[in-house]
Amino acid sequence: MQLDVFTLVPHAFAWLTEQRPLATVLGTELDLRLFSYRDMTPLRAGQVDDEPYGGGAGMVLRVDVVGAALDAVYGGAPDHRVVALTPQGRQLTQDVVEELATEERLTLLSARFEGFDERVVRHLASDAISVGPYVLSNGDLPAMIVLDAVARRLPGAIREESGAYESFSVELEGGLEYPHYTRPAEFRGWKVPDILLSGDHGKIEAWRREQSKLRTPL
Ligand SMILES: C[S@@+](CC[C@H](N)C(=O)[O-])C[C@H]1O[C@@H](n2cnc3c(N)ncnc32)[C@H](O)[C@@H]1O
C-alpha cells in the first residue's frame, strides 16, 4: 500500500515510523510518504490558512493550498481514496480500518486551527473520517491512529494468530478479546484463573470464548 499523509508537521510522524509493527512493514508492504502543505503552498511566506469568511475565531486551512498540494503530488485529482480527518466524519471502527487496509493507495489529509475550508471535504476528499466524538487540536494524531491501525492489518505486520483473535475480529464475532495473564501466577493474592494453568487447550479455548462473550456489550 502507498499511504500519503498531508500535514503541517511531517516530522511529528518520526516516532511512529520507528515503532513496530509499522516499522516492520515500512518499505515492504507499506510505502509511507509525508508531505507538508507549507512546502507546496502557492501563497507567499508559507501561508496555508486564512481568516474565516463571516468572522469568528481561529484560522481555516485554505482549499487552494490543499488543492495545490494534491496537484503537486498527483498531477491532478487523485484517482484513489482521499480521507479528510475531521471530527465531523464517519466514525473510525475496525470495519472501516479493514476496508481502508484493502486499498492500494490511500491519502490522509490533516488539518489544524478551525479545520478545513468546507470545499476540501466536499470536493477534494472522497471520505471524511473521525477518530471519535471529541475534538483534538489537529489531525496529526488522528492520521497516526489511522496509519497505525491500517499498517497492523498489512501482511507480515504482526503474527497472524495475534491479528486473528483480537477485539472486533471476525474470529471473535466482532466481540472483545478475552483477558490475558502472565507470570507470576499469584500476586498480592490475585490468582490467575486455574483453567489457564491446566494445560487443557480445549477447555482454555472454550473459557476464552465464554470470557469474550461475557465482556462484550450486547
Ligand atoms: C480543532 S479541530 C477543528 C474542529 C472543528 N472546528 C469542529 O468544531 O468540528 C482541528 C482539526 O483537527 C482534526 N481533528 C480534531 N478532532 C478530530 C477527530 N475527532 N477526528 C479526526 N480529526 C480530528 C481535524 O483535522 C480538524 O480539522
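Residues count as buried under 20% relative accessible area, as exposed over 50%, and as partly exposed in between (1.4 Å probe, protein chains only). The model is predicted, so local features need pLDDT of at least 70 and side-chain atom pairs count only at pLDDT 80 or more, while totals for chains, interfaces and linings use all residues. Residues are numbered from 1 along each chain as its sequence is written, and side-chain values use heavy atoms, with hydrogens and water left out.

Helix α9 covers residues 201-215. Helices (H or I, at least four residues) and strands (E, at least two) are DSSP runs, numbered from the N terminus. The buried residues of α9 are Ile204, Trp207, Gln211 and Ser212. They lie on the same side of α9, because they cover an arc of only 140° around the axis. This arc is taken from the directions from the helix axis to the C-beta atoms. Gln211 is buried at 18% relative accessibility. Beyond its neighbours within four places in sequence, Gln211 is in contact (heavy atoms within 4.5 Å) with Tyr178 and Pro179.

Arg209 and Glu205 also belong to α9, 4 residues apart, or about one helical turn. They form a salt bridge, with the closest N and O atoms 3.1 Å apart. A salt bridge requires a side-chain nitrogen of Lys or Arg within 4 Å of a carboxyl oxygen of Asp or Glu. Arg209 is partly exposed at 30%, and Glu205 is partly exposed at 36%.

The count of salt bridges comes to 13. One of them joins Arg62 to Asp50 at 2.6 Å, N to O. Arg62 lies in the loop between β4 (60-61) and α4, and Asp50 in strand β3 (residues 49-50), so the pair ties together parts 12 residues apart in sequence. Another salt bridge pairs Arg152 with Glu166 at 2.8 Å, N to O. Arg152 is partly exposed at 23%, whereas Glu166 is buried at 18%. Arg81, Arg90, Glu99, Glu103 and Asp127 are linked in a salt-bridge network.

The structure holds 4 aromatic pairs. Rings of Phe, Tyr and Trp (its six-membered ring) pair if their centres lie within 6.5 Å; planes under 30 degrees apart count as stacked, over 60 as edge-to-face, and the rest as tilted. Phe6 and Tyr74 form a tilted pair, 6.1 Å centre to centre with 50° between the planes. Phe6 lies in strand β1 (residues 2-7) and Tyr74 in helix α4 (residues 63-74), so this pair ties together parts 68 residues apart in sequence. Phe6 is buried at 0%; Tyr74 is buried at 17%. Phe6, Phe35, Tyr37 and Tyr74 form one aromatic cluster.
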